[in-house]
Structure formats: C-alpha cells, structure tokens
Amino acid sequence: MNAFEGTLSKESGGRRWLVPALLALLVFGALPALLAGFDRGYFYQIANLALIFVLLSASMHLVTGVAGLLHLGHAAFYGVGAYTAALLTSKLGLGFTVTLPLSGVVAALLAFLVALPTMRLVSIYFAVATLAIGQMLYLVMLNWVDFTKGPNGIIVTKGFELFGVALSGRLASYYTVAVVVVLCVVAIGRLSHSYYGNALRSIREDDQCADAMGVRTVRLKMEVFTLSAFFAGVAGALWAHMTGYISPGDFKFSESILILAMVVVGGLGSLPGAIIGALLLILLPEGLRALGDFRNVMVGLVMFLSILLLPKGLLGEVSALRLVRRQLGGAWRSTGKGEGIGWR
Amino acid sequence: MTHLLDVRNASRRFGGVQAVNDVTAHVDEGELVGLIGPNGAGKTTLFNLMSGFTPLSSGTVAFAGRTINGMKPNQVARLGVGRTFQNLRVFPNMSVFDNVSVGAVGTLPQGPAGALFGGFTKAGTERADAISRRTWEALEAVGLTHLAGELAANLPYGQRKYLEIARALAMRPRFLILDEPAAGLNDTETRALAAFIKRLHGQGLTIMLVEHDMGLVMGICQRILVLASGRKIADGPPDLIRRDPAVLEAYLGVES
C-alpha cells in the first residue's frame, strides 16, 4: 500500500475554492444587492420560492437521482414539514429556531415509518407505493379538519427568528432562507459526492450486484429516503414561515411531479443539474408572465424539448461529477494524470 | 482442520427441479479450485448457495467456521466472499474508479454521518483514505489505473471483465469466486486471463473458478469439482478428472 501514498496527496492550490467562492458571492452578495436595489416584495418572493425549490429538488436528487428510487410523493413530506412548523407555531407558540429542525425530524420520522414496509418493493411498485403515501398524507392534511383546519389552511403567525431575535424584513428573510438552503445543499452535496454516494449509486445501477459487494442495500435505501424527507421537511418549514399561510393545495401530487421534473430536466444523478432544473422551472413561468395563459404551454414545451434533445439533462451526471471533482474539492490526485478522482 | 469453505449435504430445489442435490464439498485456504459441469448441472445454483444469493433447501454452508445459511449476500460478502457475475454486471453509468470503490465501501462501510462529517474527523478521513487506497490497489492489480476516470459503459468487453474482478478485489476477499470469467473471450484473451488468475492465486488468494468450458480449468486449477444433474460426481486433481469415467460420461455421454 506504500506505493499509493504518493497518489493520496491532497489536490493543492486555491483554484478549488474559486467556484464555491463565486457561488457564495452570488447568493449572499450580488443577488441580495440586486433585490435590495429593486426593493420589490414580488422579487423577494420569487427568490425565496426558487431557493426553497432548489432544496426540494436537491433532496429529491438524493433519493431519485443518486439512489434511483422513483419517489412520487416527495411534496407530501414537504407538506409534513410545513404543517409541523405551522402547528407548532399556532398550537404551542414555538418559534422558527425550534420548528425548523423539528419539521425536518418529523418528516424524516414519518418517512422512516413508511419506508419500513415499502423498501423491499422494487422499481415501479415502489413508485406506486410512494404515490399512495403522498396521496394519503395529502388527504390527511385536507380532511383532518380539527387538526389541520383542512382546506382553509393555517395562518403562520410568526416569521423567521433566531433564538428569539426576529429576522423580519425582506432582506433578513431572504438571508434566512438562503443560509438554510445553502447549508442543506452543501450537506446533500457531501452525501452524494462521497463513497457513501457511490454505494447509493451502485444500488441504482444494479442492486443485486451492490449486495454482492457488501453494500447493505435495504438499509441504505431506508437511510436515503429518510434523509431526503428530512430536507423536504426543512423546506416545508421555510415555506410556512416565509408565506405565513399554508394550505393542502401547496403539497398535492402535481407538486411532487414538478419536483421530479426539475430533477429530470436538470439531469438525473446530477446535483448541479437538480439546482439548475429548479431555478429554470420556477423562474421560467415567472419570466413568461407577459405571455398570459400561454406561459404554461411554453413551460411544458421547454420541459418536453429539453428531455427530447438532452435526455441526460441540462447538466448530466457524468459532466456534473467531473465538475464537482475538479472544482469543489474532496478530490485525490490520480496516478500521474493530475485529475482528482476520489472523495474525502 | 476446518475448511475455509465447507458445504455439507447442500440441496436446493426449485419447484420440481432438484438443482443441487446433496452436495458435500470444501475449499481450503490457498487453493485454486475449479467447478465444472455440463449445462444445467447446478454450478450457478451451487455458487449462489455459497454467496448467499439463494437460500438452501437443506444442508449447511460454512465459511471460515461460520454458518452462512440464511445470511444475506451482503453479509456473506462482508465475511470475505467476493464474486463476479456470469453475464458482466458492471455499473455502466459510473466511472471505473467509482465502480471499484463500491467493492471497497461495501466492506469498509461509510455511512451518512461519515459522508457528512468524516472530513472533519481523523477516523473519517482515515476511512475515506483506506477506501481510496484499496480502490487504487485493485485498479493497479488489473492494470486499469489509466482508465480510472472513464465511464464503465465505454470500456470494451474484455476490460469490463477485469473491471468486475477489480471491484471484487477491492473487497479484499478471503475467497474469490469467478463465474465463467472466460465466457466471450477469444483464445489469446483466455490465456491472458489464466495467467492473471494464476498470479492472483500466487499472491495467496483462495479462488474458485466456475467454468462451463474445461480448457481453462484443467490448465490452472489444482483441484476440480465436477457436477452433473445437481450431484457431485468427481473431486480431484485435473489428471484424475480427465480420466474419470463418470466425468467422461457426463460430458460426452459415453457408456464406460
């Protein structure tokens, strides 16, 4: 093994930090400066919504893109998170600092419980099971009127705060959403760009074969399903405290499909792709408002054409991995070629 | 003494078909054993019984002194049994490096916590380094380091075979089972493969070779097990197997 020590030298130089630094500058510097310059509530709303869907898309990327489990009920866990936050606020008077992690935990717990019996199902049967789970949760939100106020929805009286310090105002709200989303996306990035991520990918590629390599396939599927629900729940808490009002309609089946479309349009298995897909499918309909009713046809057309012309997505998995390995760190130098290839 | 692999009275029935019938066999540490038999003899079923893919109908299979009946394939794998597949099963949409790393991460697990925070702890970085090192070593062993970044789907057939072997080697197995490794290879490639398997064996690895075709097995194996119609009909060194009347009858249908 000594012969390989030389190849384990860490990728050197500051170039590794260039892309993350630029992205951070964009999200925490340029974009809020622009928003503040225009100072229109509508723009803030769009920016926050786009960020929340980036998180939803990224969390679905983990379960569907990386682990290959077709999940058709993701929006329901987003809803569970939102309702957890809303109910904790309205019934117990808790603030965002507490509701944010709890929303994730409750969504994850619920996902864990439903995953127990469903994880042994394969492909299409698993997809149908998640569809049923999503519908069930949606119907609970809709029909358990005593608890969830049903179709009337819940007003969330508290905005963002940190340990009792209110983060009110548009810019503070934007920063709150951005910080939470970026932290979660970085976490998802570490999960999917690691040897753990490779084990998840092997399940997607050929789960029997992964099993023969010692990969605990059922356990990993449970983990990734639960983790993705956690992040969806966190997104739900952001949404609840941001809009101040939630109703079951925000979490219906079509939202799950929208998130799935983001992941697929961006490129299955590609985290940057999932982010691009989310931005595209949130910003495009807004940008096309001038077209009136015609805009949704245009959005559909864009989705249709992107799948037809780029079946691997706008930024497919292979190019995304190459990008992440070169620019975002954690890479080893391979023998002599100077190309980082492992994870750390 | 205890055998590394100990199969006792193993049987497996699929509906009305007795695929493996009361087979008793063993493999000792350091051996290079061949498992041959005509089509439908039960080779693959026996193989699957040994790697946890198929549960036994009756009998026992023990590996390194532990009974593996009822274990899942991944448990058997983590005990130290590595395998390849008859019809090439690489992970096509993953790079060569990532393919091989799965064998390493399967036996040196990295969990979600390790992926998230491993980079900040000593144990976590050491685990990632160990996986990386095993992966490079396995790639080096089969001579695929220069293709580490290539997508597995882009590799030609012959190299994919070695990729599959590298993936199994990254598990650091105590016992490696190769399922028809020579299938689809021409004579030159088969000879190169034979030399490669001999080299692995020479490094101390215990290997079982499941082959449909006698040539490769006769050439390199020290001992050969012969199956026919689910039963073991012979067990011995190549010279004896070559002259064994039961084997000749099974293969050629000669009355002797």
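Hi everyone, let's start with chain B, where 6 strands form an open sheet in the order β6-β7-β8-β3-β9-β10, with mixed pairing. Strands here are DSSP runs of E with at least two residues, numbered from the N terminus, and two of them pair if DSSP finds at least two bridges between them. β6 (81-83) and β10 (231-236) of chain B have a single partner strand each and stand at the edges, so one side of each lacks a neighbour in the sheet. On average, neighbouring strands are turned by 20 degrees against each other, direction ignored.

Before going on, please keep in mind that this is a predicted model: local features need pLDDT of at least 70, side-chain atom pairs count only at pLDDT 80 or more, and totals for chains, interfaces and linings use all residues. Residues are numbered from 1 along each chain as its sequence is written, while chains are lettered from A and ligands numbered from 1 in the order in which they are written.

One bridge joins Val81(B) to Phe175(B) in β7(B).

What packs on this sheet? Helix α1 (residues 43-50) of chain B does, touching β3 (32-36), β7, β8 (206-211) and β9 (223-228). Helices are DSSP runs of H or I with at least four residues, and contact means C-beta atoms, placed from the backbone, within 7 Å. The direction of α1 makes about 150 degrees with that of β7(B); axes are lines fitted to C-alpha atoms, for helices over the stretch in contact, with angles from 0 to 180 degrees between N-to-C directions.

Chain B also has an open, antiparallel sheet of 4 strands, ordered β2-β1-β4-β5.

Definitions and conventions
Two residues are in contact if their C-beta atoms, placed from the backbone, lie within 7 Å.
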